[in-house]
Amino acid sequence: MTPASLLSRIAIDPNICFGKPCIRGHRIWVSLILDFLASGVTIESLLEEYPGIEREDILACIAYGAEMSRDCYVEITVRSR
């Protein structure tokens, strides 16, 4: 799938989930999926936990995160050990 076709799986509607980006047709936030993936949850586990979504929906969340990070930076504090 192309990035554009993946991103078409993401919806932003001010009347749904306070306008947060969600998987189209679901009330599952993109940020929730990205948080799960970042904490080590596998795509297969997410598909079992949320049987209504497809692998491409998870890839769409990753693509959305990648697109957002192109122009937006978050300050990260590096701590000495």
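Student: In which helix does Leu47 lie, and is Leu47 buried, partly exposed or exposed?
Tutor: In this predicted model, Leu47 belongs to helix α3. Its relative accessible area is 22%. Buried would require a value under 20%, and exposed a value over 50%. Leu47 is therefore partly exposed.

Student: Which residues does Leu47 touch, not counting residues up to four places away in sequence, and how far apart are the C-alpha atoms of Leu47 and Ile58?
Tutor: With those sequence neighbours set aside, Leu47 touches Ile53, Glu54, Arg55 and Ile58. Of this group, Ile58 stands 11 residues from Leu47 along the chain. The separation of the C-alpha atoms of Leu47 and Ile58 is 8.7 Å.

Student: Which residues of the largest nonpolar core touch the most other members, and which element gives the most to this core?
Tutor: The core holds 14 residues, and those touching the most other members are Ile10, Ile23, Ile33, Ile53, Ile58 and Cys61. Two or more residues come from each of α2 (30–38), α3 (43–49) and α4 (55–69). With 5 residues, the element that gives the most is α4.

Student: Which residues does Ile53 touch, not counting residues up to four places away in sequence?
Tutor: Ile53 is among the core residues that touch the most other members. Once residues up to four places away are excluded, the residues touched by Ile53 are Ile23, His26, Ile28, Ile33, Leu46, Leu47 and Ile58.

Student: Which residues of α4 are buried, and what covers them?
Tutor: Asp57, Ile58, Ala60, Cys61, Ala63 and Tyr64 are the buried residues of α4. Their cover includes α1, β1, β2 (22–23), α2 and α3.

Student: At what angle do α2 and α4 pack, and are they roughly parallel or roughly perpendicular?
Tutor: The axes of α2 and α4 lie 9 Å apart, at an angle of about 95°. Val30, Ile33, Leu34 and Leu37 of α2 make the contact with Ile58, Cys61, Ile62, Tyr64 and Gly65 of α4. Angles from 65 to 115 degrees count as roughly perpendicular. The two helices at about 95° are therefore roughly perpendicular.

Student: What is the relative accessible area of Asp57, and with which residue does its side chain meet in a salt bridge?
Tutor: Asp57, in helix α4, is buried at a relative accessible area of 7%. Beyond its neighbours within four places in sequence, Asp57 is in contact with Arg9 and Ile23. The salt bridge, at 2.6 Å from N to O, is made with Arg9.

Student: Which parts of the chain does the pair of Arg9 and Glu54 link, and which residues form the network of salt bridges?
Tutor: The closest N and O atoms of Arg9 and Glu54 are 3.3 Å apart, in a salt bridge. Arg9 is in the loop between α1 (3–7) and β1 (10–11), while Glu54 is in the loop between α3 and α4, 45 residues apart. Glu54 is partly exposed, at 42% relative accessibility. The network of salt bridges links Arg9, Glu54 and Asp57.

Note on methods: Residues are numbered from 1 along each chain as its sequence is written. This is a predicted model: local features need pLDDT of at least 70, side-chain atom pairs count only at pLDDT 80 or more; totals for chains, interfaces and linings use all residues. Side-chain values use heavy atoms; hydrogens and water are left out. A nonpolar core is a set of buried Ala, Val, Leu, Ile, Met, Phe, Trp, Tyr and Cys residues joined through side-chain atoms within 4.5 Å. Buried means under 20% relative accessible area, exposed over 50%, partly exposed in between (1.4 Å probe, protein chains only). Helices (H or I, at least four residues) and strands (E, at least two) are DSSP runs, numbered from the N terminus. Contact means heavy atoms within 4.5 Å. A salt bridge is a side-chain nitrogen of Lys or Arg within 4 Å of a carboxyl oxygen of Asp or Glu. Axes are lines fitted to C-alpha atoms, for helices over the stretch in contact, and angles run from 0 to 180 degrees between N-to-C directions. Angles under 35 degrees count as roughly parallel, over 145 as roughly antiparallel, 65 to 115 as roughly perpendicular and the rest as oblique.
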